[in-house]
Amino acid sequence: MAVVFLYICSMKVWFIADTHFSHKSILYFKPKRREAAGISLEELKTLPEEEILERHDKWLIGKWNDVVKRGDVVYIIGDFCLGNKVKTEKILNQLHGKKFLIRGNHDKSCNGLERYFEGVYDIKEAKFNHEQFPFIMVGETFCIEMCHYPLLAWNRRTHGTCMVHGHCHGTIDKLNRESKELRVDVGLDSELAGLDFIPLEKLYAHFRSIAESAGCETFREYNDKLMEEQGYRM
């Protein structure tokens, strides 16, 4: 039993969305990503597409495997790869970690490749506690609802479940903040990710900071207070 417990504690959990492997256009829309991949705007405009995609994908694979270990868990909140099935499978074969895919609007290339994932979903709920991860408060269950698209209402929201999404590439980060909802974009291009993978500890700390800024000890207490401010009634 002790061996199992140590294994669970040593395992890390990561969140990411909108990796957009093998997608050239994303490099026009997201210059910070392009610069991080070491591709200039002139190169993007003039070099063959295959060369650009190879450099972007190589950069992203390296970033993934630098942080994700083989025994870690990765929740991919949609839009994994825009290449064909052959290219997608080649990429999956190179990536560390036990992967869960929450489908996005650009995940057709993963059809038929379900064996590479621990599970494939449209919406996925996950729960974490102090016994698994000591940084979580004693007695608290950190519950997350995952969907590629940002939701206005989600299962057990009224109980303090937090919502993570992708799809928006950071464009609604301000809206999420101003709404005061326990909701955040975990996409690669979002503020929280900052072109990196988000560990469970960072995600938990993000939501804890929201609750604590309102003087609340638990997510449920925070959500009760938020609903009261909004005049929400069951």
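Two strands count as paired here if DSSP finds at least two bridges between them. Keep that in mind as you look at these close-ups of a predicted model.

**View 1. Strand E1 and its neighbours in the sheet.**
Start at Trp14, which stands opposite Pro199 in strand E9 and opposite Val74 in strand E2. E1 (residues 13–16) and E9 (residues 198–199) run antiparallel and are joined by two bridges. With E2 (residues 73–76), E1 pairs in the parallel sense, over four bridges. Where do the side chains of E1 point? Val13 and Phe15 point one way, Trp14 and Ile16 point the other way, and all of them are buried.

**View 2. The whole open sheet.**
Step back and you can follow five strands in the order E4-E3-E2-E1-E9, with mixed pairing. Which strands stand at the edges? They are E4 (119–121) and E9, each with a single partner strand, so one side of each has no neighbour in the sheet. As a reminder, strands of a sheet pair through backbone hydrogen bonds, either parallel or antiparallel.

Side chains of opposite charge can pair when their charged atoms come close. Lys87 forms a salt bridge with Glu50, and their closest N and O atoms are 3.3 Å apart. Lys87 lies in helix H6 (residues 85–92) and Glu50 in helix H5 (residues 49–67), so this pair ties together parts that are 37 residues apart in sequence. Also in helix H6 is Glu89, linked to Arg115 in the loop between strands E3 and E4, 26 residues away. The closest N and O atoms of Arg115 and Glu89 are 2.7 Å apart. Is Arg115 buried or exposed? At 59% relative accessibility, Arg115 counts as exposed, while Glu89, at 22%, counts as partly exposed.

**View 4**
Arg208 forms a salt bridge with Glu212, the closest N and O atoms being 2.9 Å apart. Both sit in helix H8 (residues 200–213), and because they are four residues apart, about one helical turn separates them. Arg208 is buried, with a relative accessible area of 7%, whereas Glu212 is partly exposed at 48%. Salt bridges with shared partners join Glu140, Arg208 and Glu212 into one network.

Glu228 is found in helix H9 (residues 219–230) and, at 64% relative accessibility, counts as exposed.

Key: Residues are numbered from 1 along each chain as its sequence is written. This is a predicted model: local features need pLDDT of at least 70, side-chain atom pairs count only at pLDDT 80 or more; totals for chains, interfaces and linings use all residues. Side-chain values use heavy atoms; hydrogens and water are left out. Buried means under 20% relative accessible area, exposed over 50%, partly exposed in between (1.4 Å probe, protein chains only). A salt bridge is a side-chain nitrogen of Lys or Arg within 4 Å of a carboxyl oxygen of Asp or Glu.
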